[in-house]
Amino acid sequence: MNRAVSQPDITEIDRRWMRAAIAQSLHAQGRTDSNPPVGCVIIDKGGRLCAVAHTGSGGAPHAETTALKLAGAQARGGTVYVTLEPCAHHGKTPPCAAALIDAKVGRVVVAVRDPDSRVDGRGIAMLEAAGIEVVTHVETAAAAAVLAGFLHRIKHSKPYVSLKTAASLDGRIALSDGKKRWLTGAPMRQFVHELRSRHDALMTGVGTVIADDPQFTCRGQLAAADSPAVYVLDSALRTPLSASLLKVAKRSVTLFCTSSAPQARHKALQSAGAQIVTLPADADGHVDIIAAMAHLGAAGVNNLMVEAGVGVTSAIYKHDIAEQIFWTQSPHLLGADALPVIGALKLVALPLQTHYTQTEDIMIGADHLRVFVKSAAAA
């Protein structure tokens, strides 16, 4: 349905305004539930900016709906820049393609085609059938980076997983006693709060809950509403009723357990505010992490951040689940008796060096941040 657009159709002005739309989409990242975080900019027919918007909290209203409302009559004959193809179906809102047609815009510039089977070219076809010029594939890579979670879930039926770890210089996460201590400094911890806010959900293991009693919230300059939903891999439902993460107001906490978990714990934890989901067990009797990912995909989780201890981190690595790794590292040396980031893998050959590509290497305060993204060949 989508016509091919020759390169001359895409001007530097188009690229510039699309970059503005992408900047808007970042405001919605991690805050749109199952919907994509979309940005939209409208320019009137004289080339003047008249509206900017992004997808609303919870996925509605859509970016185009808000932008059209802000632009009013100025949208007529103007150009709309949107990071994802306008929807062509009734979901949380009426079709955005129809709204653009009703507003009599003159031109629509799209960064990424929507792979959702309910759209997938239909939005573009509706616009073109109404006589609206459509230009596609403008700043596609940059827009797709913000939309990565949504695009990944639609394609693979599971969330885009980011693994975050805080390690010492020698790759350890805690001293041998396992007691909670901050490895990284305040600037890096604030970065992690910001990182959490850009994810729909956070996953950890019950061992981390028991050892550290984390809140897993977004703090500092971020609002409490930015804190993502939390999922805990807790095969036997050992999460303490007094756990801090159960005391955060208006925040969803789900415990994944197996069928062998005591029913009394089901009732007690539900009374404490947790949701309980029973999943299949793996060969070791733990919650099957592949089944957990499938459940999250079906639940509409686009971006999942994993912050966990040795067991869960090792399982994520063993099953090749992480699409992205945020490796934060302090200058401490903790020694061989300290707990490692990843447990024994029993490798008999070196893993591929090209599995992940390093995309960032920066200092945040006194700590080091490296970001690795799964290479296209390994994805």
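In what order do the five strands of the open sheet with mixed pairing stand? The order is β2-β1-β3-β4-β5, where strands are DSSP runs of E of at least two residues and helices are runs of H or I of at least four, both numbered from the N terminus, and where two strands pair if DSSP finds at least two bridges between them. The model is a predicted one, in which local features need pLDDT of at least 70 and side-chain atom pairs count only at pLDDT 80 or more, whereas totals for chains, interfaces and linings use all residues. Residues are numbered from 1 along each chain as its sequence is written, and side-chain values use heavy atoms, with hydrogens and water left out.

In this five-stranded sheet, β2 (49–54) and β5 (133–135) each have a single partner strand and stand at the edges, so one side of each is left without a neighbour in the sheet. Neighbouring strands are turned against each other by 15° on average, direction ignored, with axes taken as lines fitted to C-alpha atoms, for helices over the stretch in contact, and angles running from 0 to 180 degrees between N-to-C directions. Five bridges link strand β1 (residues 39–43) to β2 in the antiparallel sense, and Ile 42 has Ala 51 of β2 as its bridge partner. Helix α2 (residues 63–71) packs on this sheet and touches β1, β2 and β3 (79–84), its direction making about 150° with that of β2; contact here means heavy atoms within 4.5 Å.

When residues up to four places away in sequence are not counted, Val 108 touches Val 80, Val 82, Pro 86, Leu 100, Leu 127, Ile 132, Glu 133, Val 134 and Val 135.

A second open sheet, of nine strands with mixed pairing, has the order β11-β10-β9-β8-β12-β6-β13-β16-β15. Its edge strands, β11 and β15 (356–364), each pair on one side only, and neighbouring strands are turned by 20° against each other on average, direction ignored. Strand β6 (residues 160–167) runs parallel to strand β13 (residues 324–329), joined by six bridges, with Ala 166 opposite Thr 328. Helix α7 (residues 186–197) packs on the sheet, with β6, β8, β12 (303–306), β13, β15 and β16 (367–374) among its contacts, and its direction makes about 30° with that of β16.

Strand β10 (residues 253–257) is mostly covered, five of its five residues being buried, that is, under 20% relative accessible area (1.4 Å probe, protein chains only), against over 50% for exposed and values in between for partly exposed. Val 253, Leu 255 and Cys 257 lie on one side of β10 and Thr 254 and Phe 256 on the other. Thr 204, in strand β8 (residues 201–205), is buried, with a relative accessible area of 0%.
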